[in-house]
Amino acid sequence: MSDNQNPAPAPEEIEAAMAANAADELARLQGELAELKAKSADLADQFLRAKAEADNTRRRAEDEVSKARKFGIESFAESLLPVCDSLDAALAIENATAAQLREGSDATLRQLTAALERNKVVPINPAAGAKFDPHLHQAISVVPSTQEANTIVSVLQKGYLIADRVLRPALVTVAAPQ
């Protein structure tokens, strides 16, 4: 081999090349660090915005629930106002006859029943002979009867459902087994 072909690089050249490589690597890493810092700041900002939005949504939902609890009965109360008006009008008549009072009471009861039904409050008023249902009826007494056992003999007090849930069971007497 001859000395002219590939002379060995001088130590200064090696040192300069290594310094250049190190400088390039440092610049690349600094650029990558700056990019990651920007991405981290963006994600932190997105997180804070999402957290604030979730907090605002939670607060709005709590406010709506509070208002629903506070004013949920508003439509029910509005439907009862005509009943109050009818009762006030009846009491304003000083010399009402029994027939007038009866007619006014019947009309007021119809108004009250309609108001309850509009608000999904429906009566439980089983007919005599209907099968006793412990989910809808409360037996006050068991009486001897010619009817089939465990059937309703009479209703002492109507019950009521509100949206298919028992508000008050009907109080009934039930036929005893024979």
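Author: Before we start, one term is needed: two strands pair if DSSP finds at least two bridges between them. Please also keep in mind that this is a predicted model.

Reader: With that in mind, which residue of S5 is the bridge partner of Tyr160?
Author: Strands S4 and S5 pair in the antiparallel sense, and three bridges join them. Tyr160 takes part in this pairing, and its bridge partner in S5 is Arg168.

Reader: In what order do the strands of the open sheet with antiparallel pairing stand, and how much does the twist average from one strand to the next?
Author: This open sheet has three strands in the order S1-S4-S5, with antiparallel pairing. S1 and S5 each have a single partner strand and stand at the edges, so one side of each is left without a neighbour in the sheet. From one strand to the next, the twist averages 35°.

Reader: Between S4 and S5 there is a loop; what phi does Ala163 take there?
Author: Ala163 is found in the loop between strand S4 (159-162) and strand S5 (165-168), and because its relative accessibility is 49%, Ala163 counts as partly exposed. Most residues other than glycine have a negative phi. Ala163, although not a glycine, has a positive phi of about 50°.

Reader: Where is Lys120, is it buried or exposed, and what is its relative accessible area?
Author: Lys120 has its place in the loop between H3 and S1, and although it is not a glycine, Lys120 has a positive phi of about 65°. Exposed means over 50% relative accessible area. Lys120 is therefore exposed, with a relative accessible area of 53%.

Reader: How far apart are the end C-alpha atoms of helix H3, and what span should its residues have?
Author: Helix H3 runs over residues 98-118 and holds 21 residues, which at 1.5 Å a residue should span 30 Å. The computed separation of its end C-alpha atoms agrees with that expectation, at 30 Å.

Reader: Which residues of H3 are buried, and within what arc do they fall?
Author: The buried residues in H3 are Thr108, Ala115 and Leu116. Seen down the axis of H3, these buried residues line one face of the helix, because they fall within an arc of 95°.

Reader: What covers the buried residues of H3, and which exposed residues does the face turned away from them carry?
Author: The cover over the buried residues of H3 includes helix H2 (74-92) and strand S1 (121-124). On the face of H3 turned away from its buried side, the exposed residues are Ala99, Arg102, Glu103, Arg110 and Arg118.

Reader: How do H2 and H3 pack, and which residues of H2 make the contact?
Author: H2 and H3 pack at an angle of about 180°, their axes being 9 Å apart. That angle makes H2 roughly antiparallel to H3. On the side of H3, the contact is made by Thr108, Gln111, Leu112, Ala115, Leu116 and Arg118, and on the side of H2 by Phe76, Ser79, Leu80, Pro82, Val83, Ser86 and Leu87.

Reader: Phe76 is named there; what is the C-alpha to C-alpha separation between Phe76 and Asn119?
Author: Phe76 lies in helix H2, and because its relative accessibility is 23%, Phe76 counts as partly exposed. Not counting residues up to four places away in sequence, Phe76 touches Leu116 and Asn119. Phe76 and Asn119 are 43 residues apart in sequence, while their C-alpha to C-alpha separation in space is 6.3 Å.

Reader: Turning to the open sheet with mixed pairing, which strands stand at its edges?
Author: This open sheet of three strands has the order S2-S6-S3. Each edge strand has a single partner strand, so one side of each is left without a neighbour in the sheet, and these edge strands are S2 (137-143) and S3 (152-157).

Reader: In what sense do S2 and S6 pair, and which residue of S6 is the bridge partner of Ala139?
Author: S2 and strand S6 (residues 170-175) pair in the parallel sense over six bridges. Ala139 has its bridge partner in S6, and that partner is Val172.

Reader: Finally, where does Phe132 lie, and how far is its C-alpha atom from that of Ala175?
Author: Phe132 lies in the loop between S1 and S2, and because its relative accessibility is 22%, Phe132 counts as partly exposed. Leaving aside neighbours within four places in sequence, the contacts of Phe132 include Ala139, Ile152, Val172 and Val174. Phe132 and Ala175 are 43 residues apart along the chain, and their C-alpha atoms are separated by 9.2 Å.

Definitions and conventions. Residues are numbered from 1 along each chain as its sequence is written. This is a predicted model: local features need pLDDT of at least 70, side-chain atom pairs count only at pLDDT 80 or more; totals for chains, interfaces and linings use all residues. Side-chain values use heavy atoms; hydrogens and water are left out. Helices (H or I, at least four residues) and strands (E, at least two) are DSSP runs, numbered from the N terminus. The expected span of a helix is 1.5 Å times one less than its number of residues. Buried means under 20% relative accessible area, exposed over 50%, partly exposed in between (1.4 Å probe, protein chains only). The arc is that of the directions from the helix axis to the C-beta atoms. Contact means heavy atoms within 4.5 Å. Axes are lines fitted to C-alpha atoms, for helices over the stretch in contact, and angles run from 0 to 180 degrees between N-to-C directions. Angles under 35 degrees count as roughly parallel, over 145 as roughly antiparallel, 65 to 115 as roughly perpendicular and the rest as oblique.
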